[in-house]
Structure formats: C-alpha cells, structure tokens
Amino acid sequence: MTSGLLHSGLILVDKPQGWTSHDVVGRMRRLSGTRKVGHAGTLDPMATGVLVIGVNKATRLLTYIVGASKTYDATIRLGQSTVTDDAEGDITAETIAAAVTEQQIRDGVAALTGDIQQVPSSVSAIKVNGQRSYARVRSGQEVSLPARPVTIHRFEIHGIRRERGGKVQDVDVTVECSSGTYIRALARDLGEHLGVGGHLTALRRTRVGPFRIEDAATLEQLADNLQLTALNEAARELFPARELSAAEADDVSHGRRIPAGGAAGATAAFAPDGSLVALLEDTDSQAKPLLVFAPGNEAADK
C-alpha cells in the first residue's frame with residue numbers, strides 16, 4: 001500500500017451506489033493515513049463512477065478539476081416526476097407515456113443539446129441565502145433557483161424501452177457536458193418538454209476531464225492496493241507543460257515571476273529533474289505563479 005504520509009497525488013475511485021462523496025473521502029483518509037484528502041465534484045449517493053480524490057498537496061489541484069467537462073451514462077424514465085428529479089425522491093406526478101414516439105424523444109434530446117439555460121434541481125447543494133437548497137426543500141420550503149448557462153456537448157440515445165406495461169418509457173443515454181450541469185435536471189426537462197414528466201433512474205460518471213472510468217478502482221481494490229497517480233503525472237495530464245531552467249525553477253519556487261511562456265490558461269511548470277514546481281499563468285509579458293508546489297512552499301498560494 002502507498003502511504004499518503006509520504007506521497008501526494010490523485011486517486012480515481014469508482015464510487016459505489018449508496019455512498020456519499022463525503023463517505024468516500026472518509027474512507028480514503030483512513031486508507032492513505034492523512035486527513036488532507038478532498039474530492040473534485042460531488043456525486044449523488046444514487047450515482048456511481050469516477051470520483052477524483054486528491055491526497056496531500058494534490059488537493060490544491062481539485063479546484064481546476066471541478067471545472068472540467070464530464071461524461072455520464074444515464075437512464076431517464078418518462079412518465080413520472082419526482083420531488084428530487086431522480087429515483088430517490090417520492091413520485092409527484094404520473095402521466096402515461098405510451099403515446100410518446102421515438103422521434104419526439106429524439107427531438108426533445110436535440111432541443112436540450114448545445115448551449116442551454118438550465119434550472120438546477122431544487123434538491124441540490126447550491127446555497128440559497130447561506131443554506132443548501134436541498135436542506136430547504138427537506139424542511140418543507142419551496143425553492144426556486146435561477147437558470148444558468150451550461151453546455152451539453154453530446155446527448156446521445158442508446159436505447160428506448162417500454163416498462164410497466166408501456167405506461168413509462170426508459171431512455172438510455174450518454175451525456176457529455178460542461179461543469180455545473182445537472183443530469184437530473186436534463187431528465188426533468190426532457191419529461192417536461194414531452195409533456196409526461198421525467199426523472200433519472202440510473203447515473204454513472206465515466207469521465208472527469210482526462211480521467212476515465214477504465215482507470216478507476218473500487219474501494220475494495222483500493223483497500224488492497226492504494227493506487228495513486230503521482231502529483232507530477234496528474235499535473236501533466238491536466239495542464240499544458242512548461243519545462244523550466246534551474247534558474248526559472250528557483251525564481252518560481254520563491255513566488256517570483258518569469259518571462260511568459262505563450263500558453264493560454266494555467267500551465268504546469270516543471271524543474272529540470274521533472275518535479276512539479278508550480279502552476280503558472282501568463283499576464284502580458286510575464287508568467288506569475290498561481291500555486292507553488294516546491295518544497296517548503298506547500299502552503300503558499302501566489
């Protein structure tokens with residue numbers, strides 16, 4: 001087992017159904033031997049799939065991973081609406097969906113593809129006046145959240161099945177989307193578009209940025225072998241790389257600016273020995289450190 005006390009990096013967990021993201025973080029703290037553990041993007045207890053966990057210094061990369069695009073496999077049930085927009089909530093309305101045609105479903109999916117305005121599920125972690133939206137809903141309050149822009153890069157139908165004697169239809173889909181998209185809300189909105197209501201019955205996240213389900217491990221596998229993607233390797237996967245000279249690495253490790261490298265956005269800067277020194281961002285003719293990872297500067301955000 002790799003000791004988290006000695007290493008920093010990312011762990012790709014295949015989250016099991018019924019676990020919260022916080023539950024997984026707690027397990028990883030015990031397995032890694034450190035409390036400095038966090039996750040990049042919550043998965044609902046009902047959902048399974050890729051949950052990116054950061055250990056020690058790699059927790060500082062999580063902010064950048066949260067904003068990455070994501071891919072999901074999901075099943076949408078047409079003909080039933082629920083209070084949570086997924087199968088965990090009570091059914092609030094039922095409408096026989098037998099008359100909905102495949103073409104109507106495909107047209108509805110097309111209308112929800114591209115740049116759209118999405119109203120998040122009211123049972124979400126979004127804060128309303130300092131309190132989580134889901135907490136307000138569970139206490140009996142009505143919550144109305146504003147729409148916000150998201151991008152659905154791909155909304156692909158794999159199969160349509162009639163269930164419960166044809167009263168409902170289950171639609172198996174793959175969704176590739178921007179950060180901040182609620183797949184539950186897509187299910188709800190597809191059902192509303194078709195006039196029969198809808199909710200999510202299954203959800204599996206298969207990709208977060210460059211990290212894919214094929215590289216994730218179950219909690220049981222991680223208990224036997226804590227597979228850690230080293231900090232240097234993780235940074236190379238997430239950002240464009242810039243190789244520094246020894247003098248540049250020394251400057252950056254002390255928070256000093258160096259000449260711009262010409263890349264857009266954050267760049268991972270590496271010392272001649274291959275170690276991650278910092279994340280840099282160009283501002284005009286200079287590159288400034290955003291985060292410094294050099295020894296002795298672990299806590300310094302520049």
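Is Arg256 buried, partly exposed or exposed in this predicted model? With a relative accessibility of 38%, Arg256 counts as partly exposed, because that value falls between the limit of under 20% for buried residues and the limit of over 50% for exposed ones. The side chain of Arg256 takes part in a salt bridge with Asp250, in which the closest N and O atoms are 3.4 Å apart. Asp250 is likewise assigned to the partly exposed class, at 39% relative accessibility.

The setting of this pair is a chain of 302 residues, 49% of which count as buried. Eight helices and 19 strands make up its secondary structure elements. Of the contacts between residues at least 6 apart in sequence, 69% join residues at least 24 apart. The accessible surface of the chain amounts to about 14000 Å², and carbon and sulfur atoms contribute 47% of that surface.

Helix α7, spanning residues 231-238, gives a view of the buried part of the chain. Leu231, Ala234 and Ala235 of this helix are buried. These residues cover an arc of only 100° around the axis, so they lie on the same side of α7. Their cover includes β1 (9-15), β14 (229-230), β17 (266-270) and β18 (276-283).

Two of these covering strands, β17 and β18, also pair with each other. They run antiparallel and are joined by five bridges, and within β18 it is Glu281 that stands opposite Ala266. The hairpin formed by β17 and β18 has five residues between the strands, and Gly274 in that hairpin adopts a positive phi near 90°.

Strand β18 has a further antiparallel partner in β19 (residues 286-292), to which six bridges join it.

The discussion now returns to charged side chains. How many salt bridges does a search of the whole structure find? The search finds 17. One of them joins the side chains of Asp44 and Arg184, with an N to O distance of 3.2 Å.

Another salt bridge brings together the side chains of Glu156 and Arg154, at 2.6 Å from N to O. Glu156 has a relative accessible area of 33% and is partly exposed; Arg154, at 31% relative accessibility, also counts as partly exposed.

Methods
Residues are numbered from 1 along each chain as its sequence is written. This is a predicted model: local features need pLDDT of at least 70, side-chain atom pairs count only at pLDDT 80 or more; totals for chains, interfaces and linings use all residues. Side-chain values use heavy atoms; hydrogens and water are left out. Helices (H or I, at least four residues) and strands (E, at least two) are DSSP runs, numbered from the N terminus. Buried means under 20% relative accessible area, exposed over 50%, partly exposed in between (1.4 Å probe, protein chains only). Contact means heavy atoms within 4.5 Å. Accessible areas come from the Shrake-Rupley method with a 1.4 Å probe; for residues, only the protein chains shown count as cover. The arc is that of the directions from the helix axis to the C-beta atoms. Two strands pair if DSSP finds at least two bridges between them. A salt bridge is a side-chain nitrogen of Lys or Arg within 4 Å of a carboxyl oxygen of Asp or Glu.
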